[in-house]
Amino acid sequence: MKFRATVLSLAIGSALLTGCADQMQKEQAAAPTADAVLGNYADIALATYEDSLTTAQALQASVNTLLANPTEANLAAAKAAWKAARVPYQQSEAYRFGNAIVDDWEGRVNAWPLDEGLIDYVDSGYGSESDENPFYTANIVANKTVQVGGVTVDASTIDKKLLAETLHEIDDVEANVATGYHAIEFLLWGQDLNGTNPGAGNRPVTDFDLNNCTGGNCDRRRDYLSAATDLLVDDLEEMVGNWEANGAARADLMAKGPQGGLSTILTGMGSLSYGELAGERTKLGLMLHDPEEEHDCFSDNTHWSHYYDAKGIQNVYLGQYTRVDGSVVKGASLSQLVSAAAPALDEELRAKLDNTDKAMKVMADTAEAGNPFDVLIGANNPEGNQIVQDAVDALTDQTESIEQAIAVLKLDGIELEGSDSLDNPTAVLAE
């Protein structure tokens, strides 16, 4: 009996070992090549920018309708189109930081914060001058010629060339944002003068009405909105081209080779997760309780922009993206590569990405219920502050696992973006 038991035990042990070996072989066979991961990453980039373009074109059509017939309904439709355009674009931001072509271009379409006095009229509480920005109240809409510090700007014709080549970041001041989503946002909503109380900007539709003009210079304001929207479409067309089959961004990515390409992916994920989204866009405003640090500060759409930024990081890791039409682009993923090398780490990172998604959704749902981001970060709102802090903590936590993935994949020389709000908060508070 002992002999038979021993033989049975050996047989069972042999079967288990064989089963484990078979499972390992299956997992290794299932693990994609790095090149396949890079190819799918580029395909998702293309799809995301294509969706950004089509929603920007819808915004363009809505703006044209508004200018042809300035009614409250058409202004509301243009605002809704702007918000819809943010959904795919924000998911593309995970392609920043690692891809130089994207980073060099991004400031044209999503730069913030902006000194809106450069563009149009502002409330007296905005102030009349800035030590850092001589064009702080240039008000291009109201002035055909601007003279600042010996520099004369001919703004007699407001068109795409003036915005892109002359005004954007004029005098090398980054806050002189003349183009992109946030310039359009300001023109549609106007200033948000509610501080940390509920309420977004409230620009009257008559600011675009030639027959019943408020705010003055309605013809030039219309020209500015039209030019900025057309320019956004142009810029997105350029980026779509960069990710097509023979596009410059795709070619640059593949030329880096497997290790360089994977480093690009993880640099974008980690830098957006930590320094940019957790730090500059979220924690900084919370620390200062300052609504001026709100990303979509005129429309109070910040909660959704943050949510879709985080969603974009998750998309890149899982290798899948749900398009605006509901179809899914899916293929070889970074998750599969990490799983083949360290299954527990992959499971951990996927769980943390889900946790971030949930924390961001709580913030978004709370905002939609009447407490937008600028209310949540208010000094006398401990419950709101905690909701925002939970999102920061989730992003920070997932970044730690992203760093572990970098180590597991043996990728050297990666430096993730940091933020003083996370790394040196005393310096921020001392300013």
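Just after helix 6, Gly190 takes a positive phi of about 75°. Helices here are DSSP runs of H or I with at least four residues, numbered from the N terminus. This is a predicted model, where local features need pLDDT of at least 70, side-chain atom pairs count only at pLDDT 80 or more, and totals for chains, interfaces and linings use all residues. Residues are numbered from 1 along each chain as its sequence is written, and side-chain values use heavy atoms, with hydrogens and water left out.

Back to helix 6 itself, which spans residues 181-189: 9 of its 9 residues are buried (under 20% relative accessible area; exposed is over 50% and partly exposed in between, with a 1.4 Å probe and protein chains only). Among them are Tyr181, His182, Glu185 and Trp189. The cover over these buried residues includes helix 2 (34-68), helix 3 (72-91), helix 4 and helix 7 (218-243).

Now for the cysteines. A search of the whole structure turns up 1 disulfide (a pair of cysteine sulfur atoms within 2.5 Å). Cys213 and Cys218 are the partners, with S to S at 2.1 Å. Their link is right-handed, with 95° about the S-S bond. How exposed or buried is each of these cysteines? Cys213 is partly exposed at 36% relative accessible area, while Cys218 is buried at 3%. Cys297 also counts as buried, at 14% relative accessibility.

On to the pockets. A pocket is an open set of points on a 1 Å grid over the protein atoms alone, where a 1.4 Å probe fits, with protein on both sides within 12 Å along at least five of seven lines; lining residues have an atom within 4 Å of a point. Points are joined across faces, edges and corners, and volume is the space filled by probe spheres set on them.

| Pocket | Volume | Lining residues nearest the centre |
|---|---|---|
| Largest | about 650 Å³ | Leu114, Asp115, Tyr126, Tyr136, Glu292 |

For the second largest pocket, helix 4 (100-110) and helix 9 (257-288) are the elements that give two or more residues to the lining.

Key: Contact = heavy atoms within 4.5 Å.
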